[in-house]
Amino acid sequence: MSEKKGTLQVILGAAFLMATSAIGPGFLTQTTVFTQQLLASTSFAIVVTIIVTAIVQLNIWRIICVSGLRAQDVANKVFPGLGYLLAFFVALGGLAFNIGNVGGAALGLNTVGGIPLSYGAAISAAVAIFIFLNKDLGKAMDYFTQILGILMIALMLYVAVQSTPPAALAAREAVMPSVINWTVILTLIGGTVGGYISFSGAHRLIDAGVHDANDATRGALNGIIVTSIMRVLLFLAVLGVVYVAAGEAAVVLDKGNPAADAFRRGAGEIGYRMFGVILWAAGVTSVIGASYTSVSFLRSLSKSIDNNYRWWMIGFICASTAINIFVANPVALLIAAGSVNGLILPLALASILLGAYKKNIIGENYHHPIILTLAGWAVVVFTFWMGIQALPNIMNIFK
């Protein structure tokens with residue numbers, strides 16, 4: 001394989017790692033629950049989420065790749081000790097999400113073939129562990145996430161077409177929403193680009209030795225496009241179900257697995273089984289992304305972790321699977337994890353932006369685009385403000 005082709009494969013792999021980390025069970029659950037609540041107005045929240053995602057990822061990917069440092073190391077150079085704080089919050093948020101990811105994968109297998117949840121969780125964890133035991137971990141992750149990512153998009157497109165959503169209404173609400181809910185927007189942002197998700201692709205690139213800003217931009221844009229397509233298709237699929245039903249009678253989706261219920265209503269038994277495949281693929285790829293990225297935040301903080309990182313990733317998966325058994329409400333956990341990760345985002349992004357103009361971090365030759373810097377700080381302020389506004393509602397989730 002030529003060097004150029006190898007770099008392209010790594011970039012594509014990093015993009016899909018970022019996208020499939022974002023497209024997890026929380027992604028599916030949050031979008032479904034909020035679409036049921038806000039109907040077509042959810043499109044405005046999705047547009048805001050896509051814009052924020054683009055700003056966050058382009059800033060983080062470029063700065064991290066040019067510096068050649070993981071996010072916690074950038075933060076520690078900005079302010080001693082800041083990286084440790086960031087690593088703690090990101091790893092904690094990653095663990096919370098991973099518990100839901102394992103549960104989502106188990107629900108997927110249960111939907112497809114009636115496999116008991118405990119067995120489904122164990123099977124899904126075993127698949128993820130097998131990837132981490134592969135001799136060439138990077139390539140194994142790249143190919144696995146790409147194959148399942150493409151499969152998810154294809155299945156989602158089928159169901160979106162079958163549910164015949166009111167696309168014109170959704171487009172109008174995207175720019176002139178009837179309802180704006182900041183808690184919903186913060187949760188969607190947190191589930192798409194909050195916490196560990198922001199750094200999964202960028203850390204994959206520097207682990208593969210990619211340090212070019214243009215390569216980082218290409219990878220980030222590819223990941224953003226894949227995630228956005230999936231978000232829009234899922235929204236339209238669910239909207240087609242709840243909008244039609246809302247014209248006749250109030251629709252109440254199954255609280256235990258709302259997205260699966262929406263797919264069954266939209267595309268019958270075939271749609272229901274398809275959703276099981278989507279949910280399993282989303283869950284297991286997110287388990288891989290969360291474990292890889294969360295442990296990557298700890299690697300440079302401890303030589304013991306760095307020397308045994310595969311086993312730490314496997315341990316992370318095992319811990320998430322064990323804790324999942326004792327979680328009574330995985331749907332609530334997935335939504336809460338998105339909200340908490342949304343609160344982490346201002347700290348994480350601010351840490352990286354502060355490093356963009358320090359020569360001991362990015363070197364003498366790189367000049368970070370001022371438009372990205374300004375947009376990045378606008379997102380920091382915006383998400384911090386949203387977090388303050390949404391905090392009372394987030395606390396209610398845990399009650």
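**Entry 1: terms and overall make-up**

I start with a term: a helix here is a DSSP run of H or I with at least four residues, and helices are numbered from the N terminus. The model I am reading is predicted. I looked up the helices and strands of the protein chain before anything else. The chain has 17 helices and zero strands. I then asked what share of the 399 residues is buried. The share comes to 61%. I also checked how far apart in sequence the contacting residues sit. Among contacts with a separation of 6 or more, 86% join residues 24 or more positions apart.

I went to helix H7, which covers residues 137-162. Glutamine 146 has its place there. Is glutamine 146 buried or exposed? Its relative accessibility is 11%, so I note glutamine 146 as buried; the cut-off for buried is under 20%. I left aside neighbours within four places in sequence and listed its contacts. Glutamine 146 is in contact with Gln9, Leu12, Gly13 and Phe16.

Threonine 145 is also placed in H7. I find a relative accessible area of 0% for threonine 145, so this residue is buried. Which residues does threonine 145 contact, leaving aside neighbours within four places in sequence? I wrote down Gly13, Phe16, Leu17, Thr20 and Thr285. Gly13 and Phe16 were already on my list for glutamine 146. I also looked up threonine 145 against alanine 282. They are 137 residues apart in sequence. In space, their C-alpha atoms are 9.4 Å apart.

**Entry 2: glutamine 162**

I stayed in helix H7 and moved to glutamine 162, another of its residues. Glutamine 162 has 39% relative accessibility, so I count this residue as partly exposed. I found that it touches Gly266 and Ala267, not counting residues up to four places away in sequence. How far apart are the C-alpha atoms of glutamine 162 and alanine 267? The separation is 5.8 Å, while along the chain the two residues are 105 places apart.

**Entry 3: helix H6 against H7**

I looked next at how H7 packs with helix H6, residues 117-133. Two packed helices are described by the angle between their axes and the distance between the axes. For H6 and H7 I read an angle of about 140° and an axis distance of 7 Å. That angle makes H6 oblique to H7; roughly antiparallel would need an angle over 145 degrees. From H6, the contact takes Val127, Ile131 and Phe132. From H7, it takes Leu137, Ala140, Met141 and Phe144. I sorted these contact residues by type: seven are nonpolar, no residue is polar and no residue is charged.

**Entry 4: helix H5 against H12**

I turned to helix H5 (residues 82-113) and helix H12 (residues 258-299). Their axes lie 7 Å apart, at an angle of about 160°. H5 and H12 are therefore roughly antiparallel. I also noted the hand of their crossing, which is left-handed. How do the residues of the contact of H5 with H12 divide? I have 18 nonpolar, eleven polar and one charged.

**Entry 5: the nonpolar cores**

I looked up the largest nonpolar core and found 66 residues in it. Leu28, Phe132, Met156, Met230, Ile278 and Trp280 have the most contacts inside this core. Which helix gives the most to this core? H12 does, with 18 residues. There is also a second, separate core of 64 residues. I note Leu38, Val74, Tyr196 and Ile197 among its members.

I picked out phenylalanine 132 for its neighbours. Not counting residues up to four places away in sequence, it touches Leu137, Met141, Ile288, Ser291, Tyr292, Arg310, Met313, Ile314 and Ile317.

**Entry 6: threonine 293**

I returned to helix H12 for threonine 293, which lies in it. Threonine 293 counts as buried, because its relative accessibility is 0%. I find that it touches Tyr196, Phe199 and Ser200, not counting residues up to four places away in sequence. Tyr196 belongs to the second core.

**Entry 7: leucine 39**

I ended with a loop, the one between helix H2 (25-38) and helix H3 (42-67). Leucine 39 has its place there. Most residues other than glycine have a negative phi. Leucine 39 is not a glycine, yet I read a positive phi of about 55° for it. I note leucine 39 as partly exposed, because its relative accessible area is 27%.

Definitions and conventions
Residues numbered from 1 in each chain as written. Predicted model: local features only at pLDDT ≥ 70, side-chain atom pairs only at ≥ 80, totals over all residues. Heavy atoms only, no water. Axes fitted to C-alpha atoms, helices over the stretch in contact; angles between N-to-C directions. Helix = DSSP H or I, 4+ residues; strand = E, 2+ residues; numbered from the N terminus. Parallel < 35°, antiparallel > 145°, perpendicular 65-115°, else oblique. Left-handed = near helix turned anticlockwise from the far one by under 90°. Nonpolar A, V, L, I, M, F, W, Y, C, P; charged D, E, K, R; others polar. Core = buried A, V, L, I, M, F, W, Y, C linked by side-chain atoms within 4.5 Å. Buried < 20%, exposed > 50% of the residue type's maximum accessible area, 1.4 Å probe, protein only. Contact = heavy atoms within 4.5 Å.
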